[in-house]
Amino acid sequence: MKQHIIENINKSNKVSAIGKCSVMLAIFFSLFSFFSFSQVTSAIDSTSIKIGEQITYHIQVETDTTSLVVFPEGQSFSPLEMIESYAVDTLKNKDKYNLVKKYGLTQFDSGSYTIPRQKIIIGTKTFFTDSLKVEVNNVVIDTTKQGLYDIKPIIEVQESSSDWWKTVLIVLLIIAAVGFLLYWFIWRKKPLSEEEKIALLPPYDRAKLALVKLDESTYLEQENLKDYYSELTFIIRKYLDEKVYDRALESTTDELIKRLNILKEGNQVDLSKEDIKNLESILKRADLVKFAKSAPDVELAKIDRSTIDIEIDNVKEALPEPTEEEKLLDEKYREEQARKKKRNKIILTVVIAVFLMIATFVGFSLKYGFSYVKDTIIGHDSIELLEGDWVTSAYGVPPITITTPKVLKRNSVELPEEAKAQMSATSFSYGSLLNFFSVDVSTIVLKQANPEEDIDLKQAQDGAIKQLEQAGVTDIVVLSDKFTTPNGAEGLKTHGTASFPILNSKEFYEGEYVILQFSTKNILQRISIVWNKSDDYADKIVERIINSVELKKAEE
């Protein structure tokens, strides 16, 4: 306040320094701004309703035709529940608009409620409506006219089925699709193409087949002797390269003929001199056709083709039979090639699978966050609690209605003999103070207290903190605030941080706690929640639990 006054004084000093003209302009523009944005009013059609009955909430705005008006949306009327939002009614009056927005509201618990102020944005300015009070009354039933019936027997209720099977089905379908693609493109024995079939033939058969395909060509019909001789000499050179001399393709004609003579003299190839001479003659003629643009007769080309066919047969007969060692080496080579091919398939499958896993992980991490995805895959107790089937139930008398991840189990409260005459206590909990997450709901009834006086919640807070200390909790930071439940019950919220002992250990963990306490005459109701400070998901769990707390009077 003091700072605000100082700022106003500083502003007035600046205005006086500018002069009277500036002051008048400022007053003019402020008045213009005030009148350009109009009035906002709110009302309800009834201030008293029965449980579940609808009331209509009106917001009326009068503004100029150029201003954009934003009305409240969503459940901003809590503790009342909005059940319908009606369209805006617009009436034009000269240069102004009269806008009326209606909402249908209701409440299913009796009591006195206050509809909070609602925010309306007009242009660049914000306006708030007045808060309104509503009484929600019980429905009075005349029991003298109401028929009485026997209590219905207990029936078994089937637990609502969850959609986990849908997730499992989707995952299985994805795995099946990926597996099918891997099989189809990698592991499946694909039908061989024409080139692959030819490549699998022995060198002799391939050479013979190549001659047949040369006959089917149109080289001779078109007198394209250059390409004809190129194909013809490639066939014989390829065969010699695979069976006789492994450099036959890259050698010149003289080098190849020289090598064949050397192999003949060394008794490595049983070729006659006439065979070598025929090959030399055809190869040199082909060189003249390819490089000297010689043009032999077509019939001579046909004769050369027949000669090559014969020489391929002669080379096959001239080659020595492979030894058993060579056959074994050849078999080992084929087996090694098969193992290498299979190994490559395995490596490729693993690489694709790892890539898909990483891509899936990265994609989900970008959408949901790295920690959430990691904890979902590895497993995290808090995620299981947060995403599990929550339970809403009432505990104690008068009842405390609360929604929790698990059903709270009744505890056996052992009171000292001298305390049993003064109070009674009930307790329901999940986990314990020594775990990393716990919820406890307890009700204490003081038998000898004055029923017209409420229990002092500050004293109850001190008692709750002492209980924590007695349980071994240290370094307790205590903060307290007023707390109001969604159905209007007021109480005290005690919260803070502390060091909690770990079960079966001498170590401590840094945790947080919340204690909600409510008093109704001689009854003290308490909700205690403890969780690990480093748990990323516990805050959402605690917030959901606290927002679900509702108290009902004993007579209800």
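Contact is taken here to mean heavy atoms within 4.5 Å. The structure is a predicted model, in which local features need pLDDT of at least 70 and side-chain atom pairs count only at pLDDT 80 or more, whereas totals for chains, interfaces and linings use all residues. Residues are numbered from 1 along each chain as its sequence is written, and side-chain values use heavy atoms, with hydrogens and water left out. Helices (H or I, at least four residues) and strands (E, at least two) are DSSP runs numbered from the N terminus. Residues are called buried under 20% relative accessible area, exposed over 50% and partly exposed in between (1.4 Å probe, protein chains only).

Arg206 belongs to helix 5, which spans residues 203-216. Its relative accessibility is 19%, and Arg206 therefore counts as buried. Apart from neighbours within four places in sequence, the contacts of Arg206 are Ile198, Ala199, Leu201, Lys238 and Glu242. Ile235, in helix 6, is also classed as buried, at 7% relative accessibility. When residues up to four places away in sequence are not counted, Ile235 touches Ala207, Ala210, Leu211, Leu214 and Ile312. Ile235 and Ile312 are 77 residues apart along the chain, and their C-alpha atoms are separated by 9.4 Å.

A nonpolar core is defined as a set of buried Ala, Val, Leu, Ile, Met, Phe, Trp, Tyr and Cys residues joined through side-chain atoms within 4.5 Å. The largest such core has 33 residues, of which Tyr229, Leu232, Val244, Leu260, Ile308 and Ile312 touch the most other members. Two or more residues of this core come from each of helix 5, helix 6 (225-243), helix 7 (253-265), helix 8 (273-291) and helix 9 (298-318). Helix 6 gives the most, with 8 residues. Beyond its neighbours within four places in sequence, Val244 is in contact with Tyr239, Leu260, Leu263, Val269, Val315 and Leu319. A second, separate core of 28 residues includes Leu516, Phe518, Trp531 and Tyr537.

Salt bridges (a side-chain nitrogen of Lys or Arg within 4 Å of a carboxyl oxygen of Asp or Glu) number 12 in the whole structure. In one of them, Glu73 pairs with Lys101, with the closest N and O atoms 4.0 Å apart. This pair links distant parts of the chain, 28 residues apart: Glu73 is in the loop between strand 4 and strand 5 (81-85), and Lys101 is in strand 7. Glu73 is exposed at 52% relative accessibility, whereas Lys101 is buried at 6% relative accessible area. Lys208 and Asp309 form another salt bridge, with a closest N and O separation of 2.2 Å. Because Lys208 lies in helix 5 and Asp309 in helix 9, the pair ties together parts that are 101 residues apart in sequence. Both Lys208 and Asp309 are buried. Within helix 9, Glu299 and Lys302 are 3 residues apart, or about one helical turn, and their side chains meet in a salt bridge of 3.8 Å, N to O. Glu299 is partly exposed at 47% relative accessible area, and Lys302 is partly exposed at 41%. Salt bridges that share partners join Lys208, Asp215, Arg305, Asp309 and Asp313 into one network.

Strands are treated as paired if DSSP finds at least two bridges between them. An open antiparallel sheet is formed by 3 strands in the order 4-9-10. Strand 4 (69-70) and strand 10 (125-128) stand at the edges with a single partner strand each, so one side of each has no neighbour in the sheet. Strand 9 (residues 119-122) pairs with strand 10 over 4 antiparallel bridges, and Ile120 has Phe127 in strand 10 as its bridge partner.

Strand 6 (residues 89-93) and strand 7 (residues 96-106) are joined by 5 antiparallel bridges, with Asn93 opposite Lys96. The two strands form a hairpin with 2 residues between them, and Lys94 in the turn has a positive phi of about 60°. The number of buried residues among the 5 of strand 6 is 0, so strand 6 lies largely in the open. In a further antiparallel pair, strand 12 (residues 391-395) and strand 13 (residues 400-404) share 5 bridges. Thr392 has Thr403 in strand 13 as its bridge partner. Strand 12 and strand 13 form a hairpin with 4 residues between them, where Gly396 in the turn has a positive phi of about 80°.
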